[in-house]
Amino acid sequence: MKYYVIDAFANHLFEGNPAGVCIMDAWLPDELMQKIAIENNLSETAFAVKVADDGYHIRWFTPGGEIDLCGHATLAAAYVLANFYDTALRRIRFTTMSGDLIVVRDGELYELDFPNKMPKPHALTQQMVEALGMVPVETYLDRDLMFVLESESDVSSLNPDFTKLAALPEGLGVLVTARSEQYDFVSRCFFPKLKVEEDPVCGSAHCNFIPYWAERLSKQEMTARQVSKRGGTLYCKLAGDRVKISGRAVLYSIAELFVD
């Protein structure tokens with residue numbers, strides 16, 4: 001079976017977030033897909049099966065289990081389909097656990113159409129402060145815990161306790177963000193509960209970030225930067241109950257998987 005590794009939300013190799021992609025004729029057993037994701041040891045491996053002329057069913061597996069929404073692996077899968085399978089397609093519809101997601105190719109950019117998930121204010125606890133290692137300005141909760149920090153330097157220098165993050169009762173992941181001078185906002189994302197300490201660039205987190213910062217900055221279009229060690233740039237737009245997230249992708253490898 002062909003296996004691709006794509007650096008998503010990247011302008012160059014070794015930037016952005018690497019995702020594994022497998023395009024299949026039929027589904028493998030869930031247990032086998034999970035084992036492949038563990039073996040790949042990337043934050044996500046995407047598996048996709050064609051269901052219509054312009055449509056694919058896509059699922060995402062982390063080393064710790066299946067997840068309901070993943071931006072960078074969706075972008076990676078769209079890149080693989082547009083360059084190696086359905087090269088004439090400019091619009092790809094993905095059926096997912098989170099509903100239909102559309103990816104539109106525009107030159108080197110891939111625009112993801114994702115749900116708007118404005119997070120709700122949430123009470124800050126001492127357990128959260130100890131896990132983060134600093135006191136956030138604001139706290140929110142949707143699927144993930146989201147913390148707004150005072151400055152970009154606070155986001156860049158954050159050194160959380162991953163064991164304590166994994167022990168937090170709220171949220172699947174932990175997202176931190178702050179306003180930026182060079183970009184509109186910056187962020188970092190941590191998923192120790194899924195055996196991913198830091199996700200280098202997290203598209204699904206921007207379903208939270210985009211509506212939050214659009215409201216605070218009074219802007220519908222924004223440029224964001226995830227300031228992980230690898231780093232990645234995302235072009236963001238608020239569109240009512242949807243968000244648009246665009247980025248580039250770079251091919252790292254093509255391999256063969258020898259699985260039963």
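**P160 and its surroundings**

I started with P160 and listed what it touches beyond its neighbours within four places in sequence: A131, L132, L165 and F190. This is a predicted model, so everything I note here is read from a prediction. P160 is found in the loop between α4 (152-157) and α5 (162-166). Is P160 buried or exposed? I get 7% relative accessibility, and since buried means under 20%, P160 counts as buried. I also checked P160 against E130, which is 30 residues away along the chain. Their C-alpha atoms are separated by 8.4 Å.

**The chain as a whole**

I count six helices and 18 strands. The C-alpha atoms fill a box of roughly 50 × 35 × 30 Å along the principal axes. For 260 residues, a compact globule would have a radius of gyration near 18 Å, and the chain has 18 Å, so the two agree.

How much of the chain is buried? Buried residues make up 57% of the 260. I then looked at contacts between residues at least 6 apart in sequence, and 63% of those join residues at least 24 apart. The chain exposes about 11,100 Å², with carbon and sulfur atoms supplying 49% of that area.

**Strand β1**

I went to strand β1, residues 2-8, and asked which strands it is joined to. Seven bridges join β1 to strand β18 (residues 249-256), and the two run antiparallel. In that pairing, Y4 stands opposite I254. On to β2 (residues 17-24): five bridges join it to β1, again antiparallel. Here I picked out V5, whose bridge partner in β2 is G20.

Six of the seven residues of β1 are buried, so I put the strand down as largely enclosed by the rest of the structure.

**Helix α6**

Why do I call α6 largely enclosed by the rest of the structure? Because ten of the twelve residues of this helix (residues 206-217) are buried. I wrote the buried ones out: H206, C207, N208, F209, I210, P211, Y212, W213, A214 and L217. Just after α6 I stopped at S218, which takes a positive phi of about 55°.

**Q34 in helix α1**

Q34 is found in helix α1, residues 30-40. At 17% relative accessibility, under the 20% cut-off, Q34 counts as buried. What does its side chain reach? I find the backbone oxygen of T62, at 2.8 Å. Leaving aside neighbours within four places in sequence, Q34 is in contact with F61, T62, P63, G64, G65 and E66.

**Salt bridges**

I searched the whole structure and got 18 salt bridges. I looked at three of them, starting with R59 and D30, whose closest N and O atoms are 3.1 Å apart. R59 lies in strand β4 (residues 55-62) and D30 in helix α1, so this pair ties together parts that are 29 residues apart in sequence. Are the two partners buried or exposed? R59 is buried, with a relative accessible area of 14%. D30, at 42% relative accessibility, counts as partly exposed.

At 56% relative accessibility, E31 counts as exposed.

Last pair: D144 forms a salt bridge with R143, with the closest N and O atoms 3.1 Å apart. D144 counts as buried at 1% relative accessibility. R143 is buried as well, with a relative accessible area of 18%.

E66 was already on my page, as one of the residues in contact with Q34.

Definitions and conventions. Residues are numbered from 1 along each chain as its sequence is written. This is a predicted model: local features need pLDDT of at least 70, side-chain atom pairs count only at pLDDT 80 or more; totals for chains, interfaces and linings use all residues. Side-chain values use heavy atoms; hydrogens and water are left out. Buried means under 20% relative accessible area, exposed over 50%, partly exposed in between (1.4 Å probe, protein chains only). Helices (H or I, at least four residues) and strands (E, at least two) are DSSP runs, numbered from the N terminus. Two strands pair if DSSP finds at least two bridges between them. A polar contact is a pair of N or O atoms within 3.5 Å; within protein, one must be able to donate a hydrogen and the other to accept it, and residues adjacent in sequence count only if both atoms are side-chain atoms. Contact means heavy atoms within 4.5 Å. A salt bridge is a side-chain nitrogen of Lys or Arg within 4 Å of a carboxyl oxygen of Asp or Glu. The radius of gyration is taken over C-alpha atoms; the globule rule is 2.2 Å times the number of residues to the power 0.38. Accessible areas come from the Shrake-Rupley method with a 1.4 Å probe; for residues, only the protein chains shown count as cover.
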